[in-house]
Amino acid sequence: MDKERRPDTIARMISPWAWSARQDRRGFLRLAGGAAAAATLFPVEARAATRRHPAFRDYPFQLGVASGDPTPDGFVIWTRLAPDPLNGGGMTTEAIEVRWEVAEDERFERVVRRGSTIASAYWAHAVHVEVGGLKPERWYWYRFDSGGERSPVGRTRTTPPLGSAGSDFRFAFASCQHFETGLYTAYRHMLADNVDLVVHLGDYIYEGPATKDRIRAHRGPEIRTLEQYRNRYALYRSDDALQAMHAAAPWVVTWDDHEVDNNYANDISEEKNVRPVDLLKRRAIAYKAYYEHMPLRRSSLPNGASLQLYRRAPIGDLLELNLLDTRQYRSNQPCNDQSQGCTDLESAPHFLGDAQEAWLKQGLSASKARWNVLAQQMVMMDLDRDPGDGYRANVDSWAGYRTPRGRVLQHIADARIRNVVVLTGDEHVNYAGEVHLDSRKSGSSPVAVEFTSTSITSGGDGQDLSPNDQAVMGANASLKFVNRQRGFMLCDVTKDRWETSVHVLDKVSAADGAISRRARIQVAPGSSRLMIG
Ligand SMILES: [Fe+2]
């Protein structure tokens, strides 16, 4: 064989993965204390010869394809070889060659990029190819081949060039897709909206055990091992509607708590008697499985128990998405995460951590975008959750972290950052409202608007309003809209107008859930007030 064609040479030339594995190991060794213990969980695999003509025991592309983190000249394309996806994947430890193509048309008559990469057992035979050199603001189609098998075709899109105002940009955002509590009908309807981008704000999976008498079931106990996390992602990704939406548009993702464990805070578990070192070991496993299944760039490679997920996604000069990570670096929740009766709302020092907070402030100050978006997990409005006397904060949200919340919002006010739009997940409720430094101060002006999208499924069918909601809205003048059904929000953005449409389903418990537009909410540039239609 020609030296230049030897598989390990090819691997070095076109695949980052062998190199990444070494970086990973060095990364582990750099980590101090508890996180370093996680190093032993992932020994670097021996470099095996790459198999170019594998025989799969079944169709290897059952988990479909995905793309993400688009730029004006490219994106990441993803797939995972998994002929037995729900049972560890069904692959041997061999590394496998995977070829890929990107075309300007869906029949692949105008292929503009092609190459090959290596699927390694270390990364669950997932591949993440960063494609560049493409034209801005246009659709592309992509597919993979391996061992004589061909993947489904995916469609994706580059973003408008920087410096251009861009035309209309349409994206959907969503979160919280508990597999057991409903069907992913929302994604079937999202497909019809022909979005340029999907933003997922976390709770992509849930870690809990199989539960009886729900719409559909997890498999096995609460997930803790790498194989269990991988199988859980495979279960979720086996859903046709979710797979179809991944194949239809690029996604930009961030996580919340359930990708690891409910309400964890940095290295602190919500369960008593879990040592930080043990939570970090679990976090390392969970972060690795997350990376393996999401269309993320090399800049988000896991490094032991760390993974840099916060990043910026500019859409021309029209909007700039600041994807935040409010889980990995936060201080513990105040009052032991008990909201009832908690008044200790000023003492928690960190919500984003020093580095991410500085990065966010610097980015907002430097932004030339018309709309500055914080795409993140937790409600930023300081809502009083108790319509009676007194004030009750959700202490897992920004409201439980008033000191770092105040620093970020004061920066927005002092630096006169205009047109800040906060997009939120987590709550399983549609909220729209205005973000104040202190909404209880009379005469206060909002510094941002916030849209909290409900869940895709979590919480089940839901209802328009609960009996308590009118009273909560009465107690919170900044809260303008509430709805408790399932669905997603669709944003149509131009330089002259932001419009969020609240799309809700009448049910997720049966396959024929019907979608409707429950509200249309607009924001004008220069204003942090909502106009509800
Ligand atoms: Fe959730």
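The model is predicted: local features need pLDDT of at least 70, side-chain atom pairs count only at pLDDT 80 or more, and totals for chains, interfaces and linings use all residues. Residues are numbered from 1 along each chain as its sequence is written, and side-chain values use heavy atoms, with hydrogens and water left out.

Let us begin with the whole chain. Its secondary structure comes to 10 helices and 23 strands; helices (H or I, at least four residues) and strands (E, at least two) are DSSP runs, numbered from the N terminus. The C-alpha trace spans about 75 × 55 × 50 Å along its principal axes. For 533 residues, a compact globule would have a radius of gyration near 24 Å, and the 23 Å of the chain agrees with that. Here the radius of gyration is taken over C-alpha atoms, and the globule rule is 2.2 Å times the number of residues to the power 0.38.

How much of the chain is buried? Buried residues make up 59% of the 533 residues, where buried means under 20% relative accessible area, exposed means over 50%, and partly exposed is in between (1.4 Å probe, protein chains only). The accessible surface comes to about 20,100 Å², and 48% of it belongs to carbon and sulfur atoms; such areas come from the Shrake-Rupley method with a 1.4 Å probe, and for residues only the protein chains shown count as cover. Among contacts with a separation of 6 or more, 70% are made by residues 24 or more positions apart, a contact being heavy atoms within 4.5 Å.

Now turn to the iron ion. Its protein donors are Cys176 (SG), Asp203 (OD), Tyr206 (OH) and His428 (NE2), which lie 2.1 to 2.6 Å from it. Donors are N, O and S atoms within 2.8 Å of the metal (3.2 Å for Na, K and Ca), and water is not among the atoms, so sites may look incomplete. The angles among the four donor atoms run from 84 to 170 degrees, and the site is irregular. Four donors count as tetrahedral if all angles lie between 85 and 135 degrees; four count as square planar and six as octahedral if opposite donors are over 155 degrees apart and all others between 65 and 115; anything else is irregular.

Along the sequence, the donor residues are spaced C-x26-D-x2-Y-x221-H. Aspartate 203 sits in the loop between β11 (197-200) and α5 (226-237), and histidine 428 in the loop between β16 (420-424) and β17 (430-435), so this pair ties together parts that are 225 residues apart in sequence. Aspartate 203 is buried at 1% relative accessibility, whereas histidine 428 is partly exposed at 24%.

Cysteine 176 belongs to the loop between β10 (169-174) and α4 (185-192), and it is buried, with a relative accessible area of 1%. Beyond its neighbours within four places in sequence, cysteine 176 is in contact with residues including Asp203, Tyr206, His428 and Ile456. Isoleucine 456 is 280 residues away along the chain, yet its C-alpha atom is 5.8 Å from that of cysteine 176.

Why is helix α6 (residues 240-248) described as largely enclosed by the rest of the structure? Seven of its nine residues are buried, so the rest of the structure largely encloses it. At the start of α6, a side-chain oxygen of aspartate 239 comes within 2.9 Å of the backbone nitrogen of alanine 241.

Asparagine 419 lies in the loop between α9 (402-414) and β16 and is buried, with a relative accessible area of 10%. Its side chain reaches the backbone nitrogen of glycine 526 at 2.6 Å.

A last stop is histidine 125, in the loop between β5 (111-119) and β6 (126-131). Most residues other than glycine have a negative phi. Histidine 125 has a positive phi of about 55 degrees although it is not a glycine, and at 4% relative accessibility it counts as buried. Asparagine 266 also has a positive phi, near 55 degrees, but is partly exposed, with a relative accessible area of 23%.

Conventions:
A polar contact is a pair of N or O atoms within 3.5 Å; within protein, one must be able to donate a hydrogen and the other to accept it, and residues adjacent in sequence count only if both atoms are side-chain atoms.
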